[in-house]
Amino acid sequence: MSLPKSTSSLPRLINSRSAVFAITRPRLSLSTHTSTTSTSLRVGGAGSITQSRSISTSRRRYATEAKFDPDSVERATDEVDVCIVGGGPAGLSAAIRLKQLEQERGGDELRVVVLEKGGEVGAHILSGAVIETRALDELIPDWKELGAPLNQPALSDSMRFLTEKSSFPMPHPPQMNNKGNYIVSLSRFTAWLGEQAEALGVEVYPGFAGTKVLYTEDGKGVKGVVTGDVGLDKDGQPKDSYEPGMEFHSKVTLIAEGAHGSLSKEIQNKFDLRKGKDPQTYGLGIKEVWKVRDEVYEPGKVVHTLGWPLDYKTYGGSWLYHMEDNMVSLGLVVGLDYENPYLSPYKEFQRMKHHPFFANILKDGQCIAYGARALNEGGYQSIPKLNFPGGALIGCSAGFLNVPKIKGTHNAMKSGMLAAESAFESITSSSSASEDASESENAEPIDMSGYAKAMENSWVYKELKEVRNLRPSFHNPLGLWGGMAYSGLDSLILKGRVPWTFRNNWEDYETTKKASQVKPIEYPQPDGKLSFDILTSVSLTGTNHAENQPVHLRLPEEQGARERHTQANVSDYAGLLGRVCPAAVYEYTDAEGSEVDAEGKKFVINSQNCIHCKTCSIKTPTQDIKWTVPEGGGGPKYSEWDKPSTIKFPD
Amino acid sequence: MRPTLPRLVNILVPVKRSIDYAVKIRVASDGKGVDTNVKHSMNPFDEIAVEEAIRLREKKSTKVDNITAISIGPAKAVDTIRTALAMGADSGIHITTPENAVVEPIAVANALKKIIDDKKFDLVIMGKQAIDDDSGSTGGMLAGLLGWSQGSFASKLEVEDGGKVHVTREIDGGLENIEAKLPMIVTTDLRLNEPRYASLPNIMKAKKKKIETFKPEDLGLDFTPRFETISVSEPPKRQGGGKVESVDELVSKMKEAGVI
């Protein structure tokens, strides 16, 4: 029952445009089912102040026979200039840049709203991470004085190749040179960006998810988003605490949901933004943070590994970064184009920690955090068209991660900044053209193609073009070996100056082989000291979703969808979802009689465990799992772990 | 002759910023407290209190004049007050304390008494306990200091027009119904209600609502703790159990352990 928390702790001037704010919720007479209580309270009498509360905080009771239709509910609406879905580095950089431009150029005050589904800014942010400060230096040059949590410079970097029992150093591509970069908690850094945004007057609303796109009358443009309804029970019926979501009508809508966002997916389909582009491919990054003994702690050390435990056909590798305060961030990225449905990225990671290279560091340490998230691997070839009428995709929603560098934050931030500049130009020029607010309702949706062009000419695209062939070069019969050979050549000598571009030919789910074509993989049991069972790890994410809400992981609505899913996944793919999900959401449990969905198994979705990594939506072979946004404020709480906290070291 | 004016009830709702209920608690490195560098939210029992105050206003049977949320805590406690405002409270009071300062129940009760004496409240609805210290004392202490009636562990609350109050209390043996008159203290138990979500329009509106800020010295209050925490430690790790194959084995193991 935790309430979404407003992070507004600074006085803020609500500009005059909020007067347009209209509550259009139904009052007493709208429906015979409703029994609203108290819409306005007039208290008169000598000496007392008349109070009129025109906002209805009533609770509607719906007849239980009527099936509740969320589309029929009237919602509060608000007019803003820019609505940004997602409070990550891209979204917040865009917001900050907009406010900076407003201050530099003067003119009307812009209303910029950031919607973030996590309980706080940073709660859903997970990354290694070693960040390049290129974009931050442009956005906030005095970030050090302002207290940005970039405290640990990267002091050394190395790459190792692991075999089952040993490891040896290997050369790494020059892109992975980390001089000048910082090892950070991206979650904390994002929280700091959120504070900077609020200080500039951005309205940041954590705990509110953008769940639906609003289209213009003719359906050809985007006019805003709707936040999620809260207080629906698991059958979709309103409870006493029901509050409908709110509509934001914005001149520009920026989608900054991160990799494989739900609204991004919808918009890319609707406006055909992927036409002529390669499919986006992904990796799943699984991370833990450990507190380690002084003897093995080397602050600033950056290590990446290739090889064991992944086989030569599976793309992936690990990282180990020594952060501040005896804390070490380590993890494994597994390319989701892996072939073997028995592969469990989680268990690969757990067994990897037993390798002497990792075990020596983690021995007698304490695991204090765990998380996982899908990340983009498609690179330049997979970037969709970035703009659509009324908005644009920024950050990992589009996909600017530089895979060989394993860095995307600087690109995401830069994309946010460029989108802000384009949006600012369009908004200020269109508002000077039409002063009347109502006229702008019917105005043409803003064209953000200026942003797409700016990106093409930016250092982001330059660096992505240079490395465009490295990751796809792993799609060859020799797998890892071919990839490493080519990558060595390209990154050191050719530097992408070649006429060819390797393509990402397949979606990740398409490359999965059938269970009958591969051998099952035997994983060791966790020992509870270095490796852990998945439910223990999930509890370390702090994830929670309010009970009794609709399950946010949706099968298609048609009759028999569940049975068909179970049939195909169990017989052909050995229950892949149960192995790939890093939060133990999906299970194909043994069942009997009427409980069976197919093949003697029941498909169980433990949606409360979900950590919003999006892997299920990417890798399900039958592609019939749709990830939708649950009630705002739920999901993991990554921000609380990566602080230099006062945790007592175990004796 | 003028009819007597209906009595207007002023409600005070104390809210506390405490560690979020879903957070995994860890002992701090000095062994004298817990790690507070984690997510905080409004104490769940206080959420129920705010919700109850708002429901009282929505019911026409009670004429509520004003609902004030008050919090005694560090700078960030203002977020907790804003949450109460977003749920529907009208104004807020914030008594600021230094970061990480301990404010004991008696200090809170004294502070609340001062505010109540100054600003004249008729009804205080507060959580029965805070989930961080589980003291459960503030409500009773406040009632004692003020000499007011109290209805604690309330699972049902009704306030009649003339100031008569019916409280159903959760007690060990079941439920107890009491009747009292305003002014009084009510402390909330879990079953009283399910708090509403603060909707986004209300959060936006809450930014315009007024919060008065005081320092303890301004009100002549002294928050110096009377207790010193000697140590805090985790409970001993649970020893694994063993599995037995049959009832006989169970019985013999129990005999071994000296249990039977």
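A salt bridge is taken here as a side-chain nitrogen of Lys or Arg within 4 Å of a carboxyl oxygen of Asp or Glu. The model is predicted, so local features need pLDDT of at least 70 and side-chain atom pairs count only at pLDDT 80 or more, while totals for chains, interfaces and linings use all residues. Residues are numbered from 1 along each chain as its sequence is written, chains are lettered from A and ligands numbered from 1 in the order in which they are written, and side-chain values use heavy atoms, with hydrogens and water left out.

**Stop 1: between the chains**

Select Lys207(B) and Glu203(A), which form a salt bridge with the closest N and O atoms 3.9 Å apart. This pair joins two chains, because Lys207(B) lies in the loop between α5 (200-206) and β11 (211-214) of chain B and Glu203(A) in strand β8 (residues 203-206) of chain A. Helices (H or I, at least four residues) and strands (E, at least two) are DSSP runs, numbered from the N terminus. Both residues of the pair, Lys207(B) and Glu203(A), are buried; buried means under 20% relative accessible area, exposed over 50%, and partly exposed in between (1.4 Å probe, protein chains only).

**Stop 2: within chain A**

Distant parts of the chain are linked here: Lys251(A) belongs to strand β13 (residues 247-255) and Asp81(A) to strand β1 (residues 77-85), 170 residues apart. Lys251(A) is partly exposed at 24% relative accessible area, whereas Asp81(A) is buried at 2%.

**Stop 3: a helix of chain B**

Select Lys113(B) and Asp117(B), a salt bridge with the closest N and O atoms 2.9 Å apart. The two are separated by about one helical turn, because they are four residues apart in helix α3 (residues 105-119) of chain B. Lys113(B) is partly exposed, with 24% relative accessibility, and Asp117(B) is also partly exposed, with 36%. A further selection is Asp78(A), Arg111(A), Glu203(A) and Lys207(B), which salt bridges with shared partners join into one network. Over all chains, the salt bridges number 40.

**Stop 4: the nonpolar core**

Which residues touch the most other members of the largest nonpolar core? Among its 118 residues, they are Phe248(A), Leu254(A), Phe400(A), Tyr451(A), Ile11(B) and Leu123(B). Such a core is a set of buried Ala, Val, Leu, Ile, Met, Phe, Trp, Tyr and Cys residues joined through side-chain atoms within 4.5 Å. Helix α7 (residues 409-433) of chain A gives the most to this core, with nine residues. Centre the view on Tyr451(A): leaving aside residues up to four places away in sequence, its contacts (heavy atoms within 4.5 Å) include Leu386(A), Phe400(A), Leu418(A) and Ser422(A). A second, separate core has 62 residues, including Leu310(A), Ala359(A), Leu540(A) and Cys616(A).

**Stop 5**

Select Cys581(A): the nearest cysteine sulfur, that of Cys613(A), is 5.9 Å away. Cys581(A) is buried, at 8% relative accessibility. For Cys610(A), the nearest cysteine sulfur belongs to Cys616(A), 6.4 Å away, and Cys610(A) is buried as well, at 6%.

Conventions. A disulfide is a pair of cysteine sulfur atoms within 2.5 Å.
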